[in-house]
Amino acid sequence: MEIKELYNLFKNHPTITTDSRDCPAGSIFFALKGTSFDGNKFAAKALEQGCSFAVIDDPQYAIADDDRYILTDDCLTTLQQLARHHRRALGTKIIGVTGTNGKTTTKELIATVLSEKYKVLYTQGNFNNHIGVPKTLLQLTPEHEIAVIEMGANHPGEIKTLVDIVEPDDGIITNVGKAHLEGFGSFEGVIRTKGELYDYLRTKEGSTVFIHNENEHLMGISQGLHLVKYGTADDDTLCARGQVLSCSPMLRFKWCHGAGTWHEVQTHLIGTYNIYNMLAAACIGLYFGLSPEQIDHALTGYIPSNNRSQLTVTAHNKLIVDTYNANPTSMDAALRNFLAIDVKPKMVILGDMGELGESSAEEHQKVVNFLNTCQFDNVWLVGKEFGNTPCEYRKFKDVEEVKSALAHERPEGYHILIKGSNFTRLYQLPEYL
């Protein structure tokens, strides 16, 4: 079946599912494959559960004379092509978002700001890969005026794959840092891959890039692009510029448009580094015609709920929960910010950073070296990599060992930073603290 024919079916059945356990009536099931599963095996079940059609790529699972089965060469490619076709058919203005750190928070802030004026579709959670991106695009409706699409990558070429599906009109790279080095091979590989968004936008007439003016890596690869800049420099040519006023622990900052009036914003985010995410959202809001007052309202009202820069107050402690992901760049920023907060006593619980390849031992040692200069009141390290790092801090094999320890010796009255890669499962700890 040609994509145009499939699209005609999609217009009458505009709900897509890839999970045979979640089959809304009238939906289309795509039989995707993974390392340990084959969606083709569940096509019949999906139809029984309520799907109107099942897209498969293994003919042995098609039932003769049953036109509900749609055979294609590759289900994933077909899903991606269908999403791109839908995106082109609607012509919605799309902002593409990528970066090493901050892209999910920035995406949510941009969407929150733009929603003050527009009907916005934006990536939910972290559905930012080769499956999540097309599924998000297929949720576009004619009512949406702008879409904010997050794109993630841990190997070279992945951003190019995603921008070829999304075809963004404008874009932002939040930053580039040391993450997924095992896949990218080097920091330079990270820059090249994130820069694939810029490469695409150079080919698109009328595109705009929103850029942190003081980020030398991004400015260095931005030649030939129309730039709208934000930052903290004393430069009234910036679209949005700002200064941190305090962070104890919530960020409070002021910002203005060029040489205009200053506005103060009290946020619900922890970390001075979040000023760049806030300024990015303000910059994009201004570009799309929002008033400073609308932007202030949106930024003030945004409350994180995704284990990123999130304050959790328990009956016993105050927790800074940043457990969705960790890499050398974000770990350093989180520790420096925690160090600067004027509270006592302080404790850190850090989990391993993943996907660092041959650099892993060196990068974990750098974290320990920095901890040695911080004089925190208590430090717990969790995971194999930290376990192999020479130091005198208390070490735990995994989160289960931490939970066992907390059952007998829970800290009281602490401010506690909890940070680690998602696989360490440190997000389970707040209920024990």
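View 1. T17 pairs with F29, its bridge partner in strand 2. The model is predicted: local features need pLDDT of at least 70, side-chain atom pairs count only at pLDDT 80 or more, and totals for chains, interfaces and linings use all residues. Residues are numbered from 1 along each chain as its sequence is written, and side-chain values use heavy atoms, leaving out hydrogens and water. Strand 1 and strand 2 (residues 28-30) run parallel and are joined by 2 bridges. Two strands pair if DSSP finds at least two bridges between them. Strands (E, at least two residues) and helices (H or I, at least four) are DSSP runs, numbered from the N terminus.

View 2. The open sheet has 4 strands in the order 1-2-3-4, with parallel pairing. Strand 1 (16-17) and strand 4 (69-71) stand at the edges with a single partner strand each, so one side of each has no neighbour in the sheet. Helix 1 (residues 3-12) packs on the sheet and touches strand 1, strand 2, strand 3 (53-56) and strand 4. Its direction makes about 130° with that of strand 2. Helix 3 (residues 75-90) packs on the sheet too, touching strand 1, strand 2 and strand 3. The direction of helix 3 makes about 130° with that of strand 2. Contact means heavy atoms within 4.5 Å. Axes are lines fitted to C-alpha atoms, for helices over the stretch in contact, and angles run from 0 to 180 degrees between N-to-C directions.

**View 3. The salt bridge between D169 and K204.** The two side chains meet at 3.6 Å, N to O. This pair links distant parts of the chain, 35 residues apart. D169 sits in the loop between helix 6 (158-166) and strand 8 (170-173). K204 sits in the loop between helix 9 (196-202) and strand 9 (208-212). A salt bridge is a side-chain nitrogen of Lys or Arg within 4 Å of a carboxyl oxygen of Asp or Glu. The structure holds 22 salt bridges. D169 counts as buried, at 16% relative accessibility. K204 counts as partly exposed, at 22%. Buried means under 20% relative accessible area, exposed over 50%, and partly exposed in between (1.4 Å probe, protein chains only).

**View 4. The salt bridge between D377 and K344.** Their closest N and O atoms are 4.0 Å apart. D377 lies in the loop between helix 14 (360-371) and strand 17 (378-382). K344 lies in the loop between helix 13 (328-340) and strand 16 (346-351). D377 is partly exposed at 39% relative accessibility, whereas K344 is exposed at 63%.

View 5. K366 is partly exposed at 38%, but E363 is buried at 6%.

**View 6. The two faces of helix 16.** The buried residues of helix 16 (residues 399-409) are V399, V402, K403, A405 and L406. They fall within an arc of 165° seen down the helix axis, so they line one face. The arc is that of the directions from the helix axis to the C-beta atoms. Strand 17 and strand 18 (394-396) are among what covers these buried residues. The face turned away from the buried side carries the exposed residues A407 and H408.
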